Amino acid sequence: MITINIYVLFLLFNFVIAIEKSNTNQVFPQGFKFGVSSSAYQIEGNWDSTRGKNIWDESIRVHPAWIKDNQTGNKACDSYNLWKRDVEMLNELGVHYYSFSISWSRLLPNGFPNYINPDAVEYYNNLINELIQNDIEPVVTLYVWDLPQSLQDMGGWPNAIIAKHYENYAEIAFSLFGDRVKTWITFNDPYEICVGGYGEGTQAPGVTSSGISDYLCGKTLLTAHSRAYYLYKNRYAKSQSGKIGIAIKAQWYEPGSILNDDIEASIRAFEMISGWWINPIFSKRGDYPDVMKTRIQTVSNLQNFYESRLPYLSSSEIRSIRGTADFLGINHFSTITVRNLSSSDNIPVSYSADVNVKYEVDSSGKSSALPWVKNTPFGFRKLLDWIRQKYGNPVVYITENGYPDYGLINDADRIDYLRGYLVELLNAIHNDNCTVQRYTVRSLMDSMEWRNGYLVKFGLYHVNFADSSTTRKPKESANFFKSVIRTREVSRVTSHIMDQDDLTINPRR
Ligand SMILES: *[C@@H]1O[C@H](CO)[C@@H](O)[C@H](O)[C@H]1NC(C)=O
Ligand SMILES: *[C@@H]1O[C@H](CO)[C@@H](O)[C@H](O)[C@H]1NC(C)=O
Ligand SMILES: *[C@@H]1O[C@H](CO)[C@@H](O)[C@H](O)[C@H]1NC(C)=O
């Protein structure tokens, strides 16, 4: 009798252990933080009062049809006036932090530090103070694509002198807001800033100088980032005890086949899109990735250039950029299949010919409102493990992850997407030992989505842009994310019909 009982107890014990184990694997660790993001141009509006013009204002003024339905960011979500409502929504969600950006041309309408706009100081102070009063950490990005037009008139980011102007701007932001802001992000998505802005011309300021100005822009950006980092560390970090990092776009590039050429193509894509920024800052040796340097050097030689079109980093520049971040911000959305392209004899001068890969949408996974975003969470875990192995398990914050649709309130596809990515994130943390400490949904609310205007939506909150008071209303995904934050779990949360009462209590209290 006794032996049987002990045996039963033993089984029971193992069973409990097994449940305990599987449960902890489904739970985000203590101290893990959740937030949502926005960016200045996409939400603020109020462009024509005391804010200086930036490259989006100017590009849209010159080419209105550049934006879907000739839209602009002139009003956007009107967050310049509705910041209190924005914080109320953050409170409803129960997020630990809110990731927003400062508009350079609002703070410094001339682009230069000779005049600080008091309206901007008041606006950002109000927002920051309201967040802190509600126990929500302000996370501030200094630059989300919105260069003051005055600096574009000097050539913009391909002009190396812009790094110094950026440093001045950063100094003013640190000194005005750093007593309360403890997490700073220098740049959001340098790839889009440089390749979109100065290479392929698909983002403001729309300069087309592919394979030349995009690389010049890249060097200025890396320099600007490291200058802001050292400025912060040397002058502010001690008294303000904050952290500073950078947010980089990183998709997962799945090789189209097991052929060596396709595997190499997928590595080349990662290195020349994301490694371009991650390698100089986070690798042990610093500098651009070898694959990128070699490829651009080889092609430049074939094209009769005197030197590589990729402006090289001197050994002192490499040293001054390496190690300049407390965390690696990752913007991740999708898995993209990659194949090698055969090389022609006559390679055009362009960034895409330098990368020389063919992108295909992944054949699995649900489509979204953007052709390159599919619900393919498996690549998220692979990417995080790749980063862990390649860069010595750095502290990673997921600075953007989210699903683009056309704005349904009952956004079941967004919930499916978020659930799948959160489960893979748990796997990355618990099974692969990736040091991911934060997860940010893009975005708090439907916003001005750059070239897509107001057609494509990322929000957890719906914004009625047709209504003059731009009313915000939670979608089902807001409720889903709220539950994830409250329980720190994903699996047991099921989507249910929105209950307005659910969203009135702050679950963190
Ligand atoms: C958009 O702007 C272009 C160029 O100014 C103009 O030709 C076109 O009619 C506009 N379209 C709409 C829908 O307003
Ligand atoms: C694969 O890409 C590399 C680099 O672009 C190129 O040199 C090579 O010829 C390609 N392989 C094939 C089979 O086309
Ligand atoms: C997990 O990562 C941490 C931080 O890099 C490291 O110290 C630890 O040894 C790793 N554990 C395992 C089991 O790999």
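Over the face of which residue does Arg-438 lie? Arg-438 lies over the face of Tyr-397, at 4.8 Å from the ring centre, where a charge counts as over a ring if NZ of Lys or CZ of Arg is within 6 Å of the ring centre and within 35 degrees of the ring normal. Arg-309 lies over the face of Phe-305, at 5.5 Å from the ring centre.

This is a predicted model, in which local features need pLDDT of at least 70 and side-chain atom pairs count only at pLDDT 80 or more, while totals for chains, interfaces and linings use all residues. Residues are numbered from 1 along each chain as its sequence is written, ligands are numbered from 1 in the order in which they are written, and side-chain values use heavy atoms, without hydrogens and water.

Around ligand 2 stand Asp-261, Arg-268, Arg-295, Asn-340, Leu-341, Ser-342, Ser-343 and Asn-356, each with a heavy atom within 4 Å of the ligand.

| Side chain | Atom of ligand 2 | Distance |
|---|---|---|
| Asp-261 | nitrogen | 2.9 Å |
| Asn-340 | oxygen | 2.5 Å |
| Asn-356 | oxygen | 2.6 Å |

The structure also holds 44 aromatic pairs, counted when ring centres of Phe, Tyr and Trp (its six-membered ring) lie within 6.5 Å, with planes under 30 degrees apart called stacked, over 60 edge-to-face and the rest tilted. Tyr-143 and Trp-157 form an edge-to-face pair, 5.3 Å centre to centre with 85° between the planes.

Conventions. Polar contact = N/O pair within 3.5 Å; in protein donor to acceptor, adjacent residues only side chain to side chain.
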